[in-house]
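Work through the exercises below with the sequence and the model side by side. Try each task before reading its solution.

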Amino acid sequence: MDRNQFTGLILMFALLAVYFTWFAPDPAPAEELTTQEEPVSEIVEEAAPADTMTVMPTVPDSVQVSLNNQQYGAFAFAAVKEESTKTIENDEIIVTFTNTGGRIKDVVLKNHKDYMGNPLVLMDGTKSKADMIVDHNGKTINLSELTFVPSVKTFGDTIQISYVLTNGTFSLIQKYLLPPTGFQLAYSIESKNLNTVLNPTDVKYNWNHAINRAEENLEDGRYNSNVRYLLADGDYDELAERSSEFEDETLGSQIKWVSFKQKFFTAAIIANSAFKSGYVSQTVDFGDTTSVKNLSMQMLIPYSDFANNFKARYFFGPNNYRVLKKVAPDFEENLDMGWGPLPLVNKYLIIPIFHFLERFFSNYGIIILLVVIVIRIILAPLTWKSHMSMAKMRAMKPELDEIKAKHDGDMQKAQQEQMKLYQQVGINPVSGCIPMLLQMPILFSLFFFFPNAVELRQQAFLWAHDLSTYDSVLNLPFEIPFYGDHVSLFTLLMTLSTILYTWSNSQITTVQGPMKTLQYMMPIMFLFVLNSYASGLTFYYFVSNMVTFGQTVLFRKVIDEDKIHRVLQENKKKNSNKKKSKFQQRLEDAMKASQEAQKNKKKKK
């Protein structure tokens, strides 16, 4: 740049500065917009509606009308950007609606709090939004951008709020019906002469939902949140729950319901007929610690359903089995109850016992203790059989020790002699394991039930402030790998009681060798695994260990081992010449084959 150009540029800036300082016109004052109350046929006193308004920058009327006509066509009359909200409620939920789109804006659960003690906002209008997109002369019109006119009516204790969009030629009415109790909100669309303004193409229903953080453990909340859905043919599926990566799925067939499930609560839409097809996705924004996961659905509503009174239901509520199973087929899948046969154990054994005890007791620590006792009574026949089997093994311990000393160093021959002795006295060596295996489904079912039971959420017991999460009695200034940065006392007590019971039991059993040491490793492993699990679960296992210890002491006093030994010796005399069973013969043949294989290996070496 030469000198003349530089001088000219300076003069231009100087002239502009002089102009804007002394000669620029004063800005015109913005028109003050006042909130206008929409016509309401009957205002519900209990609803306490609240009106708010969003003020938009002033645009000349002629320009704004032209822009609206270009963007919205026949719907331009409803493109006024003045927002008002109305709130209705029942015994369980508070629902706030906005006239912008005539849609749900916020949902609050009245009887639940977040981990900070604030009202639990299940749907937050600043993070979640549902859109309805139609085709108007080749243009996509988002109905959620248009202004609807609200009205509220009551039918007994039931509240109906309607949002109307009409220009006198056609009309579109969205109706929401809230019963006096419960977590469901009925939804319907009624229309007139829509064919005059809409092309008969499928309507898009999009719902983007960011789950508000409701639990203190953010990572655990993310591990237990996902999108779930049921197809009309009864095929239930879900996106990967524990994944923090972007997950999506295209649903190419009829969809009955789609839910946004988090650990203890669910938001969902259930179609009375079915959505034609859809797409669901989920992801985690690690930079946002106020949100758990970002979930979304994009459903297609058949135009014939949309134009002829489309009906659906919203659900905003807790993952309580009794509540979920009444909503829709397979809707209880939003409560994690395990895999394989475990959900059956939870549905038909654990949950009925738990809910029965809830009718008489309000302290959930006491309820868990009573659940232990009830289940132990149910399992008493199996426990007795297991103890009888162990008593027989203890009675034969002298003979087993003789066999071991006789074949010292030759494990194969010792095992053959032991099997022969078992056959003669009438002992099935696996009979003591079978009752224990039959109890495993119950133990594993509880592993899923307690951490996901919304009934335990924020329920305190002893030093545990919340039975649905871990009980920390000591926060560590560092983190131990696979353990955490805290000490859970219930987990520690569970581990110590398990070790004590194992030690006591090993003093009178025939367990030898590596197995005797290995049985102490399992409690140590569970100390690490369960340190961050629900304190309700570890409290259950601790109490169960103590009850088991008491049962063992009682059974040892009741069982006469000397009498059992005499019976076994009589059996030995009777069966000394008894032919071997096919199972025992196959077992001995397998042992001999294994022994021969080991000898051949030694010879080759």
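Predicted model: local features only at pLDDT ≥ 70, side-chain atom pairs only at ≥ 80, totals over all residues.

## Exercise 1: A charged residue without a partner

Task: Find where Asp114 lies and which side chain of opposite charge is nearest to it.

Solution. 

Step 1. Asp114 is in the loop between strand S3 (103-113) and strand S4 (119-123).

Step 2. Asp114 is buried, yet it has no salt bridge. The nearest side chain of opposite charge belongs to Arg457, 6.5 Å away. A salt bridge needs the nitrogen and oxygen within 4 Å.

Step 3. Look for another polar neighbour. A polar atom of the Asp114 side chain lies 2.9 Å from the backbone nitrogen of Met116.

## Exercise 2: Salt bridges around Arg228

Task: Which residues are linked with Arg228 in a network of salt bridges?

Solution. 

Step 1. Start with the total. The whole structure has 14 salt bridges.

Step 2. Take the pair Arg228 and Glu238. Their side chains form a salt bridge at 3.5 Å, N to O. Arg228 is in strand S12 (residues 226-231) and Glu238 in strand S13 (residues 236-238), so this pair ties together parts ten residues apart in sequence.

Step 3. Take the pair Arg228 and Asp336. The closest N and O atoms of this salt bridge are 2.7 Å apart. Asp336 is in the loop between helix H5 (321-324) and helix H6 (342-358), so its bridge to Arg228 in S12 joins parts 108 residues apart in sequence.

Step 4. Arg228 is buried, at 1% relative accessible area. Asp336 is buried at 15%. Glu238, at 26%, is partly exposed.

Step 5. Arg228, Glu238, Glu241, Lys261 and Asp336 are linked in it.

## Exercise 3: A bridge between a strand and a loop

Task: Which residue forms a salt bridge with Lys105?

Solution. 

Step 1. The partner is Glu83, with the closest N and O atoms 3.2 Å apart.

Step 2. Lys105 is in strand S3, while Glu83 is in the loop between helix H2 (61-72) and strand S1 (85-89). The two are 22 residues apart.

Step 3. Lys105 is partly exposed at 22%. Glu83 is buried at 15%.

## Exercise 4: The second largest pocket

Task: Which element gives the most residues to the lining of the second largest pocket?

Solution. 

Step 1. The volume of this pocket is about 1200 Å³. It is lined by 41 residues, and the closest to its centre are Asn217, Asp220, Lys263, Ser532 and Tyr533.

Step 2. Elements giving two or more residues include helix H3 (218-223) and helix H14 (521-529). H11 gives the most, with four residues.

Step 3. Sort the lining. It holds 15 nonpolar, twelve polar and 14 charged residues.

Terms used:
Residues numbered from 1 in each chain as written. Heavy atoms only, no water. 1 Å grid on protein atoms, 1.4 Å probe; cavity = no way out; pocket = protein on both sides within 12 Å on 5 of 7 lines; lining within 4 Å. Points joined across faces, edges and corners; volume = space filled by probe spheres on them. Nonpolar A, V, L, I, M, F, W, Y, C, P; charged D, E, K, R; others polar. Buried < 20%, exposed > 50% of the residue type's maximum accessible area, 1.4 Å probe, protein only. Lys, Arg positive; Asp, Glu negative; His and termini not counted. Polar contact = N/O pair within 3.5 Å; in protein donor to acceptor, adjacent residues only side chain to side chain.
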